Amino acid sequence: MKKKCEIKFSNLRSICDPKMFTFKTTAEVDPLDKVIGQKRAVQAIEFGLNIKSPGYNMFVTGIEGTGKSTIIKDIVTQHAKKLPSPVDWCMVNNFKDEYHPKTISVPKGKATRFSKTMDKLIDDLKKELPKAFEHESYQQRLSEIQKKYADQQKDIIKKLEALASQHNIQINRTKAGYQTIPIVKEKAISPEEFLALPKEKQTEIEENISLVQSEIDTTIRDINKINQSMNSHIEKLMQEIALFVVKQRIDVIRDEYKAAKDILIYLDEVEADILENVQDFIASTEPKSPFEGMMFQTAKPSFLRYQVNVLVDQKDLKGAPVIFETNPTYQNVFGQIEKRAYMGTVTTDFTMVQAGSLLRANGGYLIMEIESILMNPFVWEALKRALQNKLLSIEDVASGMGYGTSSLRPEPIPMEVKIILLGSYYLFHLLQNYDSKFNKIFKVRADFDHEVIKNDDTIQNYARFIARACNEEKLLPLTSKGVSAIVEYGEKYISNKNKLSIRFGPILGILIEADYWARKRNAKQVTDKDVIKAFTEYRFRYNLYEEKIHESYVDDTIMIDVEGDEIGQVNALAVFQIGDISFGRPSRITAETYMGKQGVVNIEREAKLSGKTHDKGVLILSGYLGRTFAQNYPLNLSISITFEQSYSGIDGDSASSTELYAIISSLSGIPIHQGIAVTGSVNQKGKIQAIGGVNQKIEGFFDVCKAKGFTGKQGVLIPRANVKNLMLKKEVIDAVKKREFHIYQVSTVEEGIEILTDVSAGISDEKGEYPADTVYGKVQAKLKGYLERSFELKKQFESQNENND
């Protein structure tokens with residue numbers, strides 16, 4: 001059986017022959033310009049980019065290192081170059097409501113220019129409007145208007161004074177208004193003199209004063225009407241002059257942007273506001289007070305309201321924008337409203353509104369990582385809301401939550417952007433299952449694979465990828481043997497002789513480190529020795545824990561037998577994972593069987609040190625034992641099984657076959673060769689199933705056997721389904737060649753127990769009986785003995801009870 005199941009050394013590793021390459025170094029190879037092995041993902045991306053219906057945003061999944069970010073950026077960038085560039089966006093004052101500023105679209109690349117044009121317009125008007133109002137023609141017309149209404153006022157006052165004179169009343173003008181004083185004998189009298197007059201005279205004077213006062217009130221109303229008419233006339237004149245100056249200059253801007261509807265509407269609003277507030281443009285001629293600065297100043301006219309805040313200018317953009325937001329905070333994605341400190345509080349205005357990546361990507365594509373989005377508060381919900389409504393709102397988060405002072409609420413901006421999210425499988429399934437809006441918004445999934453079928457084409461593309469990496473990273477070229485070493489590393493990385501890893505992140509790391517070691521020895525090319533050196537040194541930097549564990553086996557701190565035979569004891573294999581480094585080491589499993597009805601007792605489970613998968617594997621053992629040995633009579637036994645010297649959690653079912661071998665050995669009384677370690681899960685039918693980490697497990701047991709000394713009988717028993725995963729280190733292969741170490745493949749429990757014991761497992765007859773000299777025959781005999789002994793004990797107990805009665 002051993003000879004039949006032993007794996008030849010040629011099947012222990014896939015060798016990449018350097019002769020398949022026609023180049024001496026990768027400097028002669030055309031760099032890779034396409035994607036390797038991602039047909040499904042690329043087609044999904046192209047579909048998502050070309051479909052225009054709403055909701056077809058993309059979610060890209062894949063293992064880290066598969067090049068998702070790079071490939072996405074390359075494909076999207078190339079696609080975006082073929083699309084038209086979007087418009088620019090500016091924020092301007094809302095002259096009707098300054099707390100709700102407006103956004104306007106500006107032809108592509110002209111936003112900054114338009115902003116500067118408006119600044120020049122206001123600066124020009126601040127000079128030209130005062131000149132227009134100082135001009136002789138304006139002053140003359142103003143004088144005529146003032147004279148006309150002044151003459152009307154004089155006529156009214158003369159009538160009033162004449163009426164007062166007829167009634168012997170004198171009118172004096174004061175700051176408080178008009179004062180009436182009676183005249184007696186052509187002389188103004190004082191209040192004391194008035195009281196000294198006879199009552200009849202006093203009554204007459206009071207009646208005259210009342211008459212004159214009534215006329216004064218009428219005169220004041222008439223004068224006010226005249227002043228209002230004069231001011232209205234003057235204001236009309238000022239608007240006429242201002243309109244001539246303003247319209248002349250704004251019309252030039254209108255002609256330049258006649259195709260931009262938003263700008264034309266805004267210019268009409270600016271023109272109306274300037275005409276309404278033309279006084280702000282006329283410089284004050286009043287002398288400055290010497291106390292200015294020592295008290296609150298009169299507010300100066302603000303021309304800030306005419307500024308144009310450039311949110312996005314796409315001047316240098318060719319095609320549609322592609323933005324990769326690496327830090328998707330709320331402010332970075334949606335924009336923010338900045339504030340300035342002023343006299344113990346904070347203020348803001350529309351010029352302090354800043355655009356985020358969502359607006360900069362408007363009309364194009366925005367790429368973000370979902371994990372970073374979910375780590376930042378409010379971003380995910382706001383993003384879904386914006387995509388559903390196709391509107392971008394730049395808001396002050398703190399103000400919206402009731403914190404801080406009131407802030408601006410800019411007008412929402414129409415949004416036409418495609419979002420591409422990068423994330424893990426876990427987050428994708430989490431959102432898909434628990435976020436009701438997710439499937440409506442992200443209808444396209446692009447899933448990146450981490451491996452590709454190995455053939456001549458993919459191997460040659462590997463070489464082209466290496467050539468591209470060397471060019472981009474300024475690395476030394478690799479020889480054909482160096483490329484072969486990288487190809488073998490790609491196979492070993494995924495533990496599959498028929499496939500290659502396309503997780504190019506780790507491969508690029510090996511290339512960079514191999515370049516370092518090549519340069520250190522002053523080489524001009526990277527060879528296979530440099531690649532192996534890079535891999536070895538990388539492992540050395542991280543495997544201190546592995547060495548400490550290995551020392552525990554060498555000094556017998558952890559008890560492992562690698563020679564001799566033992567009943568109910570088998571060496572299982574486990575994988576330790578420390579960051580990117582994984583390694584295998586053996587662990588002793590023992591089983592004890594005895595009479596009872598408890599069945600299989602998993603000590604790890606009882607001690608709460610096992611995971612659910614491991615518990616399942618142990619429970620499967622009962623199914624196999626019952627199927628094989630309890631067809632004619634019930635099992636009447638207890639089995640205690642454990643991992644010796646295991647003090648931490650255990651999970652996985654890769655040791656279930658090992659546990660079964662230990663149980664069979666304990667029941668049959670046939671010892672197991674301790675020089676052969678075992679890995680593989682088992683089902684209830686007795687079939688050995690594939691497991692993970694087969695290379696690490698074999699190499700781990702090999703290292704222990706090497707340290708303790710080879711006997712020529714040591715080896716590892718693996719599932720036949722894992723042969724394709726073998727990519728063992730050359731040291732193991734050399735030992736197999738020398739017959740110092742052996743690798744066996746099995747597909748059934750029967751094959752495995754025969755290799756471990758050198759005793760036939762046995763084949764049952766029609767009655768379900770196994771030959772007595774086989775492993776299963778001895779198990780069957782032991783189980784029959786347990787059952788018969790239990791019946792004997794039962795009869796003894798029953799007779800004792802009868803005698804006692």
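1. Contact here means heavy atoms within 4.5 Å. Helices (H or I, at least four residues) and strands (E, at least two) are DSSP runs, numbered from the N terminus. The model is a predicted one, in which local features need pLDDT of at least 70, side-chain atom pairs count only at pLDDT 80 or more, and totals for chains, interfaces and linings use all residues. Residues are numbered from 1 along each chain as its sequence is written, and side-chain values use heavy atoms, with hydrogens and water left out.

2. Helix α4 (residues 111–134) packs with helix α8 (residues 261–276) at an angle of about 20°, the axes being 13 Å apart. Axes are lines fitted to C-alpha atoms, for helices over the stretch in contact, and angles run from 0 to 180 degrees between N-to-C directions. Angles under 35 degrees count as roughly parallel, so α4 and α8 are roughly parallel to each other. Their crossing is right-handed, that is, the near helix is turned clockwise from the far one by less than a right angle.

3. On the α4 side, Phe114, Met118, Ile122, Leu125 and Leu129 meet Ile263, Tyr266, Leu267, Val270 and Ile274 of α8. By class, this contact of α4 with α8 has ten nonpolar residues, no polar and no charged. In this scheme Ala, Val, Leu, Ile, Met, Phe, Trp, Tyr, Cys and Pro count as nonpolar, Asp, Glu, Lys and Arg as charged, and the others, Gly among them, as polar.

4. Helix α2 (residues 39–50) and helix α3 (residues 68–80) cross at roughly 35°, and their axes come within 11 Å. The crossing of α2 with α3 is right-handed. Val42, Ile45, Leu49 and Asn50 of α2 make the contact with Ile72, Ile75, Val76 and His79 of α3. The residues in the contact of α2 with α3 comprise six nonpolar, two polar and no charged.

5. The largest nonpolar core has 45 residues, of which Tyr661, Leu717 and Val749 touch the most other members. Such a core is a set of buried Ala, Val, Leu, Ile, Met, Phe, Trp, Tyr and Cys residues joined through side-chain atoms within 4.5 Å; buried means under 20% relative accessible area, exposed over 50%, and partly exposed in between (1.4 Å probe, protein chains only). Not counting residues up to four places away in sequence, Leu717 touches Tyr661, Ile676, Ala677, Val678, Thr679, Tyr744, Val746, Gly752, Ile755 and Leu756. Another core, of 42 residues, lies apart from the largest one and has Val92, Ile250, Ile253 and Ala260 among its members.

6. His614, in helix α22 (residues 612–629), is buried at a relative accessible area of 2%. Leaving aside neighbours within four places in sequence, His614 is in contact with Asn602, Glu604, Phe643, Ile650, Asp651, Gly652 and Glu659.

7. Glu546 belongs to helix α20 (residues 544–554) and is buried, with a relative accessible area of 9%.

8. Two loop residues deserve a separate entry for phi. Most residues other than glycine have a negative phi. Lys390, in the loop between α12 (379–389) and β13 (391–392), has a positive phi near 55° and is partly exposed at 35% relative accessibility. Asp556, in the loop between α20 and β19 (565–566), has a positive phi near 65° and is partly exposed at 49%.

Notes. Parallel < 35°, antiparallel > 145°, perpendicular 65-115°, else oblique.
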